[in-house]
Every structure is written in C-alpha cells, then in structure tokens.
Amino acid sequence: MQRALSIRRTLQSLHHRLLFNNSVPLKHHPLPSIRTLSSTPSASPSPSPSPSPSPLPSDAEIRKYLGYTALLVLCGAATYYSFPFSEDAKHKKAQIFRYAPLPEDLHTVSNWSGTHEVQTRNFHQPESVEELEKLVKEANEKRARIRPVGSGLSPNGIGLARAGMVNLALLDKVLEVDKEKKRVRVQAGIRVQGLVDEIKQYGLTLQNFASIREQQIGGIVQVGAHGTGAKLPPVDEQVISMKLVTPAKGTIEVSKEKDPDLFYLARCGLGGLGVVAEVTLQCVERQELVEHTTVSNIKEIKKNHKKLLSENKHVKYLHIPYTDTVVVVTCNPVSKWKGPPKFKPKYTKDEALQHLQDLYRESLKKYRYGCYLWYTFCFYKFGHKDRADVMTAKSPDGTEPDINELSFTELRDKLLALDPLNKEHVIKVNQAEAEFWRKSEGYRVGWADEILGFDCGGQQWVSETCFPSGTLAKLSMKDLEYIEELKQLIEKEDIPAPAPIEQRWTARSQSVMSPAYSSVQDDIFSWVGIIMYLPTMDARQRKEITDEFFNYRHLTQKQLWDQYSAYEHWAKIEVPKDKEELAALQARLRKRFPVDSYNKARKELDPNRILSNNMLEKLFPLSDTI
C-alpha cells in the first residue's frame, strides 16, 4: 500500500506540473498523435518524384514513448491499489493482483476512540472462574499471552495485545451484599453502571465515579481511575480485597490483612500481576446530589479556591483555552432539612445552544463558499463539465444534520470538524462554548450515578496528569499555577487547543502504583486533562490532528511535568517510539513508582509474562522479557 501511495503521489505531481507549467488548457493540451507511431511520411508534399524511406526514430523519441508506456503501466497499478477494497479483503497479500480475505477467527479489538487497535486470533471470554483458572494455567504452560482487557475504554489501549486477550464480560454477577457493612463482592467483569443498578435496591452506591459508567470493575480498579472531590480517593481505595488468578500461584486472595504488601501493589497492578476475578468494594449510602454550575474567572477562583475544595464534596473546574472563563461544577448531598434548591433558569436549553448553532451555520456557509471558489477555479482552469452546485454541499463528515436535534457535545464536534486545526476557528468554538456555559448556569438534582457523569464528547486524544497540591489545610496553589502556565503555553505556541481543560482533585491513594500515592494521609492531588477531538473519520485529517496533539502533549511535558512532579494517568500514558525518549520515561517512572518491587512481583506471579503486552514490557523492562 505504501508503494501504491507513493506511485499515486508521483502521478499527481506530474499531473500538477503539466497543468500549471503550461498556459494551454488541459483539454487542448497537445498530445502525441497515434499517427506519429506509424511510418507515414510528413504531411508536406515532397518534391522528389519517389518517396524516401522513413527515418529511424531518434533515441530521444524512443525514450519518450517508453516513458508513455511506463506511465500507462503505473497508472494501471495506481488505479488497482486505489480501488476500494471489498468487505472481506481488508488486507492484501504481498503478491500483486491478489486479495487476502480476513480469516474468520480474526478478532479486531480497538479502544473507544479508535486510536489504538489490534487484531488477534486469541480472544477468550470465560464463563466461570473455573474456566478462567483453566485458561490461565494452560496459557502459562504454553507460554501463550492472554492479556486482561476490560471494556477497552482506555485512551491508550493499555489492555490490548495482538498475541491474545482475555475478557471477563461474562463474569458480571453481584455475588454478595453486606448491607450492614455497606460492602459488595462482585465478579470483575461487571460494568460500573450494572453494579450501581444492582445494588441500589439495598440503598447502596459507589463512593465516587469517573466520567463514564461503561468500565468493567476489574479494569477501572487496575488503572487507578478516579472521580473528583478533594476528600475522596481514587477508585482503587474502595477495594477491600481481591481474588487474583495468577499463572504461577493459581488463585490467590489479597487484602490488607492477607499479604498487605502485595495487596497495595496489586490494587493498581495494571493487569500484570494476575487476572482480577473478584473484587470486594466498600460502598456508601445511596443519596441524591445537587449539582451547581457557575461561570467564573481565574482571578475569582484564586480568592475562593480553598473554600471550594473544602466545602464541596465534589468539585471540578473546566478551563476554556483562549478565554478567561472557568466553569465551576460542584456536587453535594441534598439537604435533609431544606431539600433541593428552588431555582428557575434564566435561559432554556435551546437558548443556551443558540450561539453554537449560529456559529455552525455561519462556519458551514464559509466552508461551502470555500468549496465553491475552489470548484469554480477548477471549472475555468481545467474545463470540468461535471461541476456541482457546491453551495449545497454537506459538512466534511458527509452528513447534513438537523442542528436543532444535536446535543452540546455533538454540536461542538460538528463545529470542530469544519476546520479542527485552524486556531482562529477553534478560538471561536471555545468562545461559543463559554457562552453556552454562561447560559447553562444553575442547579440539577439527581442520584450520584446520574449527576457525577460527564459527557466527554466524541472520539478524542487525551492526556491527563496527576500532581500533588498540598493539603486542604495548607494548599500549595500549584494546581492553579499549573493551569496558568499551561494556558500561556497554548497561546505562545499557537496551539489549536479545544475546550475544556478539565481539572479535578482527589485525596491520596495507598496503592503504591497509583499516580496519587502518598504516605501522608492529608495530601491531595490535582488531575489535569488536555484534549483534542477526532471529529472526522477522514484518515488524513485524523493523522494531522494526532500529530498536532502529540506536539501539544510534548510541549506540556517539556515545560510542566518535571516542574510540578506530574505523572500521567496509567490509562492515558503513551509509549514513545524514540529510544532516547523511552529510556527517559523509564527512568522518570522509577523515580515515582516502586518499579523494582512491581517487577519482582511480576516475576513471582507471572514468570512467563503471559499477562503482559508491548506497553507493559516497554514501561517496565526486564532482562528476560519474552
């Protein structure tokens, strides 16, 4: 395919030179007549009474005609390689003019954003713990990899492995509920939303939630996921005990009473110490929350920052790049005495979306007009007779939606898709988003699992870092300084950074592999996420957005990470391709995490590395890596 693409570029380059290096229109461009290949004499009559023999073609003419022949062959090859594939021929064999249909037993597994994908013939879904134990034992004997993969939602695809995977989606039962102690024991394949729905009849729920509810419990625990609230720890702290199916030691149960060292290491074990089969979680009483959304600015936030973190159970900031807007979202239990607040919003939902809708109509009109100018130029320059009325063209993703039916995040995706890397366009979208939030100020009441969620938008690249922010009694204010420097960096480097920059907080974790680990009980940590959306399925445009995002991430890493002791979320860390950058990352991880202890446990529990994958091996290399 690479060769075919190269050929196509060569032909396009040749075509371009023919068009623009000559003032003659394409349809009148002089081409060699077929007659020139014959031995017919010149059209001018010869004075000689007898025709003279035709002259032999010169070397230049021979080369010219050989060039035309080669061009025809190359055009045929380029046409073949450019022709759409049939559905069962996603990959071509090396032999020319041959297709290789996908094997029926080949599974394609990708993460939610479509940024990471693998194909494997070994995708296992055991239906019982006994079947899982048998699978792990046999795989260890054969030294066959079966990387644990949850719902596949991690932005970096940390659970993916081409050699083989095991998924516990069929192990999704609630096994035991202790209403008095507010504890539940569940199979690790159960999804967060499924668990919450099952235990609400007992008046219980989870202590905190991440932005979405589709994660499997085993996965959300192993990567150290988190919600927000300076007094609430990451999700792994809710784990009381775990049952691990290990390759070397079989099924073991760990808790702070049974092997505490391994327990605190394995709670955030990245799937490398054993397949998490069962989890016992500490829950809380189910309660309604009041969500309060307000719009502020960084100057006002600095004045009230300590109060906001201390007095609210849940709080997050949404910073809008290229504006001074900070959206503050707090959540607290409904007062048993006062009840929910009585509030009438100033604007309806439609009025809040109005500015975004108007911007979309205006931007789409400009997009169509740009297309019109381009096609008009092509028509007059090259004489294209099939010119369409592009003023009715659809948006770049090929659809013409009813924008009145779109949600806020869907509308933002549509807007960004028009010109995702144009800084001025992105600024306008950010400003429109700030206006949306200003008109969306108010209250919302609902159960915790309904309120604490957050619509993250469409497919995206994201990087999230975690760093210490002092204690509630003595805030370092480093969290707000980080944001100010980040926004200055964005403006200085002209990064087309969309909104939001999401900032959340958690208490410390005692899991030693957690980015929020601390031995000091009162420590709090700030989590900051940067983002770039992938609002199109066009491969070229997605590649350009990807390159721009990694430049954005690299600049952030270079200027901020070491200064603030910031480390990436395990589900969002990306492994560098450059060897020197990889070595620097490995050294950096060693400074923060007990890598030697982690690798020692891997050797003891999984000596053949059957639960590992390429990412794990590169982040935590071993001399005897298989």
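These entries go from the whole chain to single residues.

**Ground rules.** I am working with a predicted model, where local features need pLDDT of at least 70 and side-chain atom pairs count only at pLDDT 80 or more, while totals for chains, interfaces and linings use all residues. Residues are numbered from 1 along each chain as its sequence is written, and side-chain values use heavy atoms, with hydrogens and water left out.

**Whole chain.** I looked up the secondary structure and found 16 helices and 22 strands. Helices (H or I, at least four residues) and strands (E, at least two) are DSSP runs, numbered from the N terminus. Of the 626 residues in the protein chain, 47% are buried. Buried means under 20% relative accessible area, exposed over 50%, and partly exposed in between, with a 1.4 Å probe and protein chains only. Next I looked up contacts (heavy atoms within 4.5 Å). Among those in the chain with a separation of 6 or more, 70% are between residues 24 or more positions apart.

**Helix H7.** I picked H7, residues 298-311, which has 14 residues. From first C-alpha to last H7 reaches 19 Å, close to the 20 Å expected at 1.5 Å a residue; the expected span is 1.5 Å times one less than the number of residues. Where does H7 bend? The bend is at Asn304, by about 65 degrees, taken as the angle between axes fitted to the seven residues ending there and the seven starting there. Ile298, Ile301, His305, Leu308 and Leu309 of H7 are buried. The buried residues of H7 pack against several elements, including strand S15 (288-297), helix H12 (478-492) and strand S21 (523-533).

On a 1 Å grid over the protein atoms alone, a cavity is a set of points where a 1.4 Å probe fits but cannot get out; a pocket is an open set with protein on both sides within 12 Å along at least five of seven lines; lining residues have an atom within 4 Å of a point. Grid points are joined across faces, edges and corners, and a volume is the space filled by probe spheres set on the points.

The largest pocket has a volume of about 1500 Å³. Of its 39 lining residues, His116, Phe550, Glu574, Val575 and Lys577 are the closest to its centre. H13 gives the largest share of this lining, 11 residues. I counted the lining by class as 14 nonpolar, 10 polar and 15 charged. Here Ala, Val, Leu, Ile, Met, Phe, Trp, Tyr, Cys and Pro count as nonpolar, Asp, Glu, Lys and Arg as charged, and the others, Gly among them, as polar.

I found six cavities of 30 Å³ or more. The largest cavity has a volume of about 120 Å³. Its lining has 18 residues, with Thr228, Lys316, Leu452, Gly453 and Arg504 nearest the centre. The second largest cavity has a volume of about 80 Å³, and its lining divides into nine nonpolar, three polar and no charged residues.

Most residues other than glycine have a negative phi, and most peptide bonds are trans. A cis peptide bond joins Ala499 and Pro500, with omega about 0 degrees. Pro500 is in the loop between H12 and S20. Leu270 is not a glycine, yet has a positive phi of about 60 degrees. Is Leu270 buried or exposed? Leu270 counts as buried, at 4% relative accessibility. Arg609 also has a positive phi, near 55 degrees, and is buried with a relative accessible area of 1%.
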